[in-house]
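Welcome, and please get your viewer ready.

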Amino acid sequence: MLVLFETPAGFALFKVLDEGKLDKVEDLWKEFTSAESARKIVKLQAFNKFENTSDALSAATLLIDSKPSKGLRKFLRAHCDGETLAVADSKLGNAIKDKLKIDCLHNNAVMELMRGLRNQLTELIAGLAVQDLAPMSLGLSHSLSRYKLKFSPDKVDTMIIQAIGLLDDLDKELNTYAMRVREWYGWHFPELAKIVQDNIQYAKVVKLMGNRTNAVSLDFSEILSEENEAELKEAAVISMGTEVSDLDLLNIKELCDQVLALSEYRAQLYDYLKSRMNTIAPNLTALVGELVGARLIAHGGSLLNLAKQPGSTVQILGAEKALFRALKTKHATPKYGLIFHASLVGQAAPKIKGKISRSLAAKTALAIRYDALGDGQDNSMGLENRAKLEARLRVLEGRELGHSAGSTKGKPKIEFYDKDRKKGAGALITPAKTYNTSADLVLGQATDTTMKKPASEQEGALIKKRKHEEIEPTSTEKSANEVPADQDEGEKKRKKKKKMVEADGNSLQIAAEEQGKKKKKKKDAKQEDELPTPHPLPEEEPRKKEKKRRQVEDEQAPDDTAHKKKEKKKKEKGAR
């Protein structure tokens, strides 16, 4: 049995001297602890040296792809007639067997044998020193790395990160410069700021006009509409701005040139970013657009790092501060981050923005992985997912309720809206309003309900109502005054009883009012007695006590005489 071993210097074929040692795989490493014991197991039979570095590189690259090189095939045909060949790669062995019809072997014993050969390689191959083998390995590894790492300038996302960062900086600078132009030229022509709203148009008008007195004779049709041009010329005549020197106008025009140059460069940079995004991440661009896609890549660090993130992370990417604040304060977490600026989320109603952003984030994560790791260069996947998301958006907004998933066929039943009805229930939150027939009273007529009530209940209700508001007499009183002629005696007796009850009720009410007046008088007297009296001097206290004692005696004296008179009368009656 022969063993094929690859080295940086060339291919080596070793002859196995004792194949019985291969049966004991666990103890095979002991045979390669020294060079003498290794020579007893294997012996070098042939060696095919590489001619140069390029030859070594081509052979190594083919071996990585499990393919034998042209020189290896010639070498094996010359030295492997009728022998079994042990190889380190099973795929390479299958390729050799198919092309050269040589039986190949690959198992655990062969791998242990390869480890032993690698350990004693310099001792088994004559003329191959350690100091020569190390530079060969290093040079071949560098060449192989440069060749194997296929550097594609079309797939470099660093340019996207730099371009989107510069684009954001240009927007800030443009805004600052444009506001400075408005403020500076506003001293000379303040009305122009209201007439021309766009910053770029404002800079072009200022650069063309200069002094506001020149506005009447100039043509602004290339910059402004006819209405704005007429309004500008009218405002220039009656403007209340201050006069400005030619040197000031010259500096203002130079600033306008800077604004226009920056705006032109920004447009150029945006076109460049658009082309790079369509090349590197076409599916991501089709879903969320160039700017949002570029910001996601810049925030993630690279397209490959972004591809490792789940859809939930892509959804809130850019809202980390709000997320951790919500987790700390135990409030609701944010529903979207940078993805909020995508056109699909912007089209959605406020109530369904969270649902659409979640669906869009899931599809975006798939598109990013396809762009980063897939071989396709088209945007078919992104366009297909965008169409699905637009259909879902229409379903959520109720535009196509009849075609939504899981719904019944035909148009949905539209129920009449009632603010008092609970959701999903037939009951009402507030009771239904009914027509009050008792409120309709006509003079000379009485309702059945009032006739059935006893007189005492009616009078009690009337007394309560009269305390709060003045009302008309009840139907019972009206019916009592208007008695029909053909009444029998029984009905007359009932009327008399009702009148008696009414009289008793009136007398009771009068008596209650008199008692209330008496109680009020007593309360007033008690309050007068309980009024605080000034504290008397110590000399006056005994005098006041004597006065009170005399008053009590005087009050009791007439009572005693009256009592004596009553007793005399009783005695006289008894004597009779």
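Helices here are DSSP runs of H or I with at least four residues, strands are runs of E with at least two, and both are numbered from the N terminus. With that convention, the protein has 25 helices and 5 strands. Keep in mind that this is a predicted model.

**The whole protein**

Start with everything selected. Of the 576 residues, 29% are buried. The accessible surface comes to about 40100 Å², and carbon and sulfur atoms account for 53% of it.

**Stop 1: helix α20**

Select residues 380-396, which form helix α20. How far apart are its end C-alpha atoms? They are 25 Å apart, and this agrees with the 24 Å that 17 residues should span at 1.5 Å a residue.

Now show the side chains of Gly382, Asn385, Arg386, Leu389 and Leu393, which are buried in α20. Look down the axis of α20: the buried residues fall within an arc of 105 degrees, so they line one face of the helix. An α-helix has 3.6 residues a turn, so residues three or four places apart point the same way.

Before leaving, step past the end of α20 to glycine 398, where phi is positive, near 85 degrees.

**Stop 2: leucine 296**

Next, select leucine 296 in helix α14, residues 290-300. Is leucine 296 buried or exposed? Its relative accessible area is 0%, so leucine 296 is buried, the cut-off being under 20%.

Beyond the residues up to four places away in sequence, leucine 296 touches Leu284, Leu306, Val314, Leu317, Leu338 and Thr364. For a distance to display, pick the C-alpha atoms of leucine 296 and valine 314: they are separated by 8.0 Å, with the two residues 18 apart along the chain.

**Stop 3: helix α11**

Move to residues 226-237, helix α11, which includes valine 237. Glutamate 229 is also found in α11. Glutamate 229 is buried, with a relative accessible area of 10%. Which residues is glutamate 229 in contact with, leaving aside neighbours within four places in sequence? They are Leu218, Asp219, Phe220, Ser221 and Leu224.

Valine 237, on the other hand, has a relative accessible area of 61% and is exposed. Select Val216 and Ile238 together with Val237, and you have a nonpolar patch on the surface with about 330 Å² of accessible area.

**Stop 4: two lysines with positive phi**

Finish in the loops. Lysine 101 lies between α4 (90-100) and β5 (104-105). Lysine 101 is not a glycine, yet its phi is positive, about 55 degrees. With a relative accessible area of 68%, lysine 101 is exposed.

Then select lysine 330, in the loop between α17 (320-329) and α18. Lysine 330 is another residue other than glycine with a positive phi, here near 60 degrees. Lysine 330 is exposed, at a relative accessible area of 77%.

Notes. Residues are numbered from 1 along each chain as its sequence is written. This is a predicted model: local features need pLDDT of at least 70, side-chain atom pairs count only at pLDDT 80 or more; totals for chains, interfaces and linings use all residues. Side-chain values use heavy atoms; hydrogens and water are left out. The expected span of a helix is 1.5 Å times one less than its number of residues. Buried means under 20% relative accessible area, exposed over 50%, partly exposed in between (1.4 Å probe, protein chains only). The arc is that of the directions from the helix axis to the C-beta atoms. Patches are made of residues with over 30% relative accessible area and no salt bridge: like charges are joined within 9 Å, nonpolar side chains (Val, Leu, Ile, Met, Phe, Trp, Tyr) within 5 Å. Accessible areas come from the Shrake-Rupley method with a 1.4 Å probe; for residues, only the protein chains shown count as cover. A salt bridge is a side-chain nitrogen of Lys or Arg within 4 Å of a carboxyl oxygen of Asp or Glu. Contact means heavy atoms within 4.5 Å.
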